[in-house]
Amino acid sequence: MTFDPASYVFSQPSAPTAIRASTVLPARRENLELRTEDGHVLVGELAVPESGDIKATIITLHPLPTHGGFMDSHVFRKASYRLPALAGVAVLRFNTRGTASPRGTSGGAFEGGVGERLDVEAAVRFAVERGLPNRWLVGWSFGTELALMYGASGPVAPEVRGAILLSPPLHRATDVHLKEWAASGKPLKVLVPEHDDYLQPAAAAERFAAVPQALVVGVDGAKHLWVGEKYASRVLNEIVAEVIPGGTGGAALPQEWDGPVATANG
């Protein structure tokens, strides 16, 4: 059965609620389908602020599906739960080709980052056609490879402001792609866990030196999967600080919510 975001049951607590891993804040959420140029249907979800302007849009690119990555990987799930309400940020999540999650299964099969170029293009095209403003790619692990390989060249590059990378392994993305980002001049924020399994902060700083505008941020204590509310919250704060400069006045996102809330299962 395909998960329906309308199934969240909201209630009004008598006091402000601490925001926890399973806390869902109000937003307008809808299941969506993206159609790629080679004929695949990709499943996803769009969450936008319940009211007010959309200040920015993040198009999320999930970790490696052959190792458990999908659109519901926890950082991106929490982004969809929180950022529309806390920061006015629209969150577009989707499963790349052949990937399954509670939302459903996308058509096609995993292609190691090659055919997925068309998946990235389909997601960006959807965001443009919807009129979603201030669009950014946010990749995590395998998703960073997609952002680096396809975000700084046409047809994606003219439609996105920049990218934020979480735990980049730099396995598929090469120096050629880094040079494309350098030439684009587009912002590139790179969050690197201290204890990453693939690329740690010092090595990341050396590799991304090829992109003068790249900002490499080492995160003490974190691991590749950003497990723990402390690290997930850090990532969400870093995302908002990049896509809405000065939008929070330098302050962290609230840790409590005074309004209707729902609780997600799992």
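Phe76 and Trp140 are both buried. The model in which they sit is predicted. Aromatic pairs in this model number four. In one of them, the rings of Tyr8 and Tyr81 have their centres 6.2 Å apart and their planes at 90°, so this pair is edge-to-face, the term for planes over 60 degrees apart. That pair links distant parts of the chain, with Tyr8 in the segment before β1 (17-18) and Tyr81 in helix α1, 73 residues apart.

**Phe76 and Trp140**
- Phe76 and Trp140 form an edge-to-face aromatic pair, with 5.7 Å centre to centre and 85° between the planes.
- Phe76 belongs to helix α1 and Trp140 to strand β9 (residues 135-140); the two are 64 residues apart, and their pair links distant parts of the chain.

**Tyr8 and its cluster**
- Tyr8 has a relative accessibility of 15%, so Tyr8 counts as buried, the limit being under 20%.
- One aromatic cluster is formed by Phe3, Tyr8 and Tyr81.

**Surroundings of Tyr81**
- Tyr81 lies in helix α1, which covers residues 74-87.
- The relative accessible area of Tyr81 is 4%, and Tyr81 is therefore buried.
- Apart from neighbours within four places in sequence, Tyr81 is in contact with Tyr8, Ala21, Thr23, Val24, Leu25, Arg29 and Ala264.
- Between the C-alpha atoms of Tyr81 and Glu121 the separation is 25 Å, and the two residues are 40 residues apart along the chain.

Terms used:
Residues are numbered from 1 along each chain as its sequence is written. This is a predicted model: local features need pLDDT of at least 70, side-chain atom pairs count only at pLDDT 80 or more; totals for chains, interfaces and linings use all residues. Side-chain values use heavy atoms; hydrogens and water are left out. Helices (H or I, at least four residues) and strands (E, at least two) are DSSP runs, numbered from the N terminus. Buried means under 20% relative accessible area, exposed over 50%, partly exposed in between (1.4 Å probe, protein chains only). Contact means heavy atoms within 4.5 Å. Rings of Phe, Tyr and Trp (its six-membered ring) pair if their centres lie within 6.5 Å; planes under 30 degrees apart count as stacked, over 60 as edge-to-face and the rest as tilted.
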